[in-house]
Amino acid sequence: MDDDAGRLGIHGVRLLDLLAGSGLLVALFDAGDVLRYANPAFRRTFGVEPGQAVGWAQMMRGNQDNPGGPLAHTDDFEKWLTAALSRRGKQPFRAFEVDLKDGRWLWITEVIEADGWMLTVAADVTYSAHAGQERQAWLDRDIALRVARTDELTGTLNRRGILAALEDACVRLPAEGRGYALVLLDLDHFKLIKDGHGHDAGDEVLRRFVRHAQSRMRPADFLGRYGGEEFLLVLPDTDAAQADALLARIRAGMPEIELPNTGARLTPGFSAGVIAVRQARLPREQLHAVDRALYRAKHAGRNCTVIGELEPAA
């Protein structure tokens, strides 16, 4: 991280010197959500060693034992992390408050460049006017909004949340001259898993699939549980071939899952349909097209991907 100073001009070096002494928490993450620069204030708060290039999710896991790290309002940390990743990196600009285990509050802003790099700046607002009952009311509203768009079982976006992401992509990305890929996938033989090993086993397969898929996706990508064992992915700046390659990486790296109660082990597969969207089309037209592609994948033997196409606009 600090080696970057040697590659900067005199003004850049001066900027790094100023950031080193600043009370603001400043960090820069690359397109893969790996920390590439953090000033001392950020490193102290989030438990990052000088020069350490760590992924954001890994950093959050490390903060479970950090007395000054962020406070996760849940007893299920992995579910909290999945929900946080479903929001992180999805908007060009985001501002929000975070409370820390040591009682401090941070006001955090995230600015994302078109290439996916993110600048994070946080200020300590513990003693600001926005405190006490007002802050608790804000926290309650924030939790309520998150719950409304979060799948209770897996922590990823629920049907409402992923459809909202698709509707936003339909309007915003073509207007910016950007395309995206839409993926609908279905876990293969899921009913047999539940019938043969119980509902707890089915739930564990869904949770583990979401964590695994999310670990292979970029921060800008959206993943949501569309219904049952079906998941919808919205992948900005991605064509059909790139989406197919992503699904191949997810499929190839799928971990073996030990099922609760029975101890049985299995590696779930999935069928997927993909379409590329380059211009504004209605969400229902896109969903119809990607559903047709998924249907073809299932009838081609499952555990494969079929690339479909939108019908010509009327």
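User: Which residues do ring pairs link into a cluster?

Analyst: This is a predicted model, where local features need pLDDT of at least 70, side-chain atom pairs count only at pLDDT 80 or more, and totals for chains, interfaces and linings use all residues. Residues are numbered from 1 along each chain as its sequence is written, and side-chain values use heavy atoms, without hydrogens and water. Rings of Phe, Tyr and Trp (its six-membered ring) pair if their centres lie within 6.5 Å; planes under 30 degrees apart are stacked, over 60 edge-to-face, the rest tilted. Ring pairs link F29, F42 and F46.

User: How many aromatic pairs does a search of the whole structure find, and why is the pair of F209 and F270 edge-to-face?

Analyst: The search finds five aromatic pairs. The ring centres of F209 and F270 are 5.9 Å apart. Their planes stand at 65°, so the pair is edge-to-face.

User: Where in the chain do F209 and F270 lie, and how many residues apart are they?

Analyst: Helices (H or I, at least four residues) and strands (E, at least two) are DSSP runs, numbered from the N terminus. F209 is in helix α8 (residues 199–216), and F270 is in strand β11 (residues 270–277). The pair links distant parts of the chain, and the separation is 61 residues.

User: Is F270 buried or exposed?

Analyst: Buried means under 20% relative accessible area, exposed over 50%, and partly exposed in between (1.4 Å probe, protein chains only). The relative accessible area of F270 is 0%, so F270 is buried.

User: Which residue lies over the face of F270?

Analyst: A charge sits over a ring if NZ of Lys or CZ of Arg is within 6 Å of the ring centre and within 35 degrees of the ring normal. Over F270, the distance from the ring centre is 4.2 Å. The residue is R251.

User: What is the order of the five strands in the open sheet, and which are the edge strands?

Analyst: Two strands pair if DSSP finds at least two bridges between them. The pairing is mixed, in the order β7-β8-β6-β11-β12. Strands that pair on one side only are the edges: β7 (222–227) and β12 (305–307).

User: Which residue in β8 is the bridge partner of V183?

Analyst: Strands β6 (residues 180–187) and β8 (residues 230–236) pair in the antiparallel sense over seven bridges. In β8, the partner of V183 is L233.
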